[in-house]
Amino acid sequence: MKLYSAKLALSPWKVLIFIAEKGIKNIEIINLDLANKEHKTDEYKAIAPNSRVPSLVLDDGTTILETSAICRYLECLYPEPNLFGESPMEIATIEMWYALSSHELMLPLAHGFRHTHPGMKELENQNKEFGLAQREVARKSLKYFDRVISDREFIAGERFTYADIQVASVLMYLVKLNKIELSEYENLSEYITQISRRPSFSI
Ligand SMILES: N[C@@H](CCC(=O)N[C@@H](CS)C(=O)NCC(=O)O)C(=O)O
């Protein structure tokens, strides 16, 4: 299998964390240079028509796009350690926190960054006003997630799951890029301190 990835890109980083948590060794990592638009070539578009990373190409040439779809596929091939839940309630809880954090935290932070940062001009049809408004939405969500994490070690229950990969990577990657100080959110800061000790997060 081949994983098309990119250095310093959030979505592929989540898959790399997932792979490290599982201890999967047989995936070749191919890094595309997004700044040089290596993801916009005809050759890569034949693999990923949306010109996005990550994409996972199987040995028979089949391609899987989308971070969660790739991780779910790998979870089926490598069930241990389980990261998507075991009981019906646990599966639903992980999915719930994944979806909530995607819509209410990751997207506003991503828009806040992509629509305001000069370095993103080439990749985004920027609307600064929209970006700044999304940043304010993100601040409210950060407050909400700070309260949520105040009484627990992990976002979706008693153990580390895919929902933590989502929330922690988003916080580590996108908060600073929005010129927001994570230290303003005491409980989230503590959560990140703990999660970042996991070896999978140092890749
Ligand atoms: N929903 C997709 C998002 C993938 C995505 O947006 N990847 C970014 C890197 S983090 C990308 O390829 N950006 C290239 C561009 O914007 O042109 C997923 O979860 O895999």
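Biologist: How many residues of domain 1 are in contact with how many of domain 2?
Modeller: Eight residues of domain 1 touch nine residues of domain 2. Keep in mind that this is a predicted model.

Biologist: Which element gives the most to the domain 1 side?
Modeller: Helix 1 does, with seven residues.

Biologist: And what's that side like by class?
Modeller: On the side of domain 1 that touches domain 2 there are six nonpolar residues, two charged ones and no polar ones.

Biologist: Where do the domains run, and how far apart are their C-alpha centres?
Modeller: Domain 1 covers 2-77 and domain 2 covers 88-202. Their C-alpha centres are 21 Å apart.

Biologist: Back to helix 1. Which of its residues are buried?
Modeller: Pro12, Trp13, Lys14, Val15, Leu16, Ile17, Phe18, Ile19 and Glu21.

Biologist: What covers them?
Modeller: The cover includes strand 1 (2-5), helix 3 and helix 6 (162-177).

Biologist: What span should helix 1 have, and what does it have?
Modeller: It holds 13 residues, 10-22, so at 1.5 Å a residue you'd expect 18 Å. The end C-alpha atoms are 19 Å apart, which agrees.

Biologist: What follows the helix?
Modeller: Glycine 23, with a positive phi near 70°.

Biologist: New topic: the ligand. Which residues are around it?
Modeller: Ala9, Leu10, Ser11, Leu34, His39, Ser51, Arg52, Val53, Pro54, Glu66, Thr67 and Leu123. By class, that shell has six nonpolar, four polar and two charged residues.

Biologist: Where is glutamate 66 found?
Modeller: In the loop that links strand 4 (63-65) to helix 3 (67-77).

Biologist: Why does glutamate 66 count as partly exposed?
Modeller: Because 15 other C-beta atoms lie within 10 Å of glutamate 66, and a residue needs 20 or more to be buried, or 12 or fewer to be exposed.

Biologist: Zooming out, what's the order of elements?
Modeller: From the N terminus, β-α-β-α-β-β-α-α-α-α-α. That makes seven helices and four strands.

Biologist: How does the radius of gyration fit a compact globule?
Modeller: It agrees: a compact globule of 203 residues would be near 17 Å, and the protein has 17 Å. The C-alpha atoms fill a box of roughly 45 × 45 × 25 Å along the principal axes.

Biologist: What share of the residues is buried?
Modeller: Buried residues make up 34% of the 203. As for contacts with a separation of 6 or more, 63% come from residues 24 or more positions apart.

Note on methods
Residues are numbered from 1 along each chain as its sequence is written. This is a predicted model: local features need pLDDT of at least 70, side-chain atom pairs count only at pLDDT 80 or more; totals for chains, interfaces and linings use all residues. Helices (H or I, at least four residues) and strands (E, at least two) are DSSP runs, numbered from the N terminus. The radius of gyration is taken over C-alpha atoms; the globule rule is 2.2 Å times the number of residues to the power 0.38. Two residues are in contact if their C-beta atoms, placed from the backbone, lie within 7 Å. A residue is near a molecule or strand if its C-beta atom, placed from the backbone, lies within 6 Å of it. Ala, Val, Leu, Ile, Met, Phe, Trp, Tyr, Cys and Pro count as nonpolar, Asp, Glu, Lys and Arg as charged, and the others, Gly among them, as polar. The expected span of a helix is 1.5 Å times one less than its number of residues. Domain bounds come from an automatic or database domain assignment.
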